[in-house]
Amino acid sequence: MSYSLDDRLNALAKADMAPALDGLEDSVWTAVQARRAAAGAGSTGVRVALTLAALVMGLAFGAMNPSKPTHLSEMGLLSEDGLLAPSIRLGGGA
């Protein structure tokens, strides 16, 4: 005897299948807290290492490339001899 898809779906709809949800929320929150604790414990060392690496690279770059004194005021950038003006950097005049 062959059953149609509609017959099978109707039988499934009439079936009494109530999942037990008691304690589900507690187990989910326990799993979430465990994952947070595991993630936080391992990342502290990585954060410290990355911070120190960035600091060392910044200091090394600063020591290898000493900067020339530049104008400290905004008017120095806008003046004819502004060291950072694009027209001066490209070889033109102001």
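Guide: The accessible surface of the chain comes to about 8700 Å², by the Shrake-Rupley method with a 1.4 Å probe and, for residues, only the protein chains shown as cover; carbon and sulfur atoms hold 65% of that surface. Of the 94 residues, 3% are buried (under 20% relative accessible area, 1.4 Å probe, protein chains only). On the surface, L5, L9, L12 and M17 form a nonpolar patch of about 450 Å² together (residues with over 30% relative accessible area and no salt bridge, nonpolar side chains joined within 5 Å; a salt bridge is a Lys or Arg side-chain nitrogen within 4 Å of an Asp or Glu carboxyl oxygen). L12 belongs to helix α1, residues 5–14 (helices are DSSP runs of H or I, at least four residues, and strands runs of E, at least two).

The model is predicted, with pLDDT of at least 70 needed for local features and 80 or more for side-chain atom pairs, while totals for chains, interfaces and linings use all residues. Numbering starts from 1 along each chain, and side-chain values use heavy atoms, without hydrogens and water. Mean pLDDT (confidence per residue, 0 to 100) is 78 for the chain; helix α1 has the highest mean, 90, and helix α3 the lowest, 53. Where pLDDT is low, predicted coordinates should not be read in detail. The chain has four helices and zero strands.

How values were computed: Buried < 20%, exposed > 50% of the residue type's maximum accessible area, 1.4 Å probe, protein only. Patch = residues over 30% accessible without salt bridge, like charges linked within 9 Å, V, L, I, M, F, W, Y side chains within 5 Å. pLDDT = per-residue confidence, 0-100.
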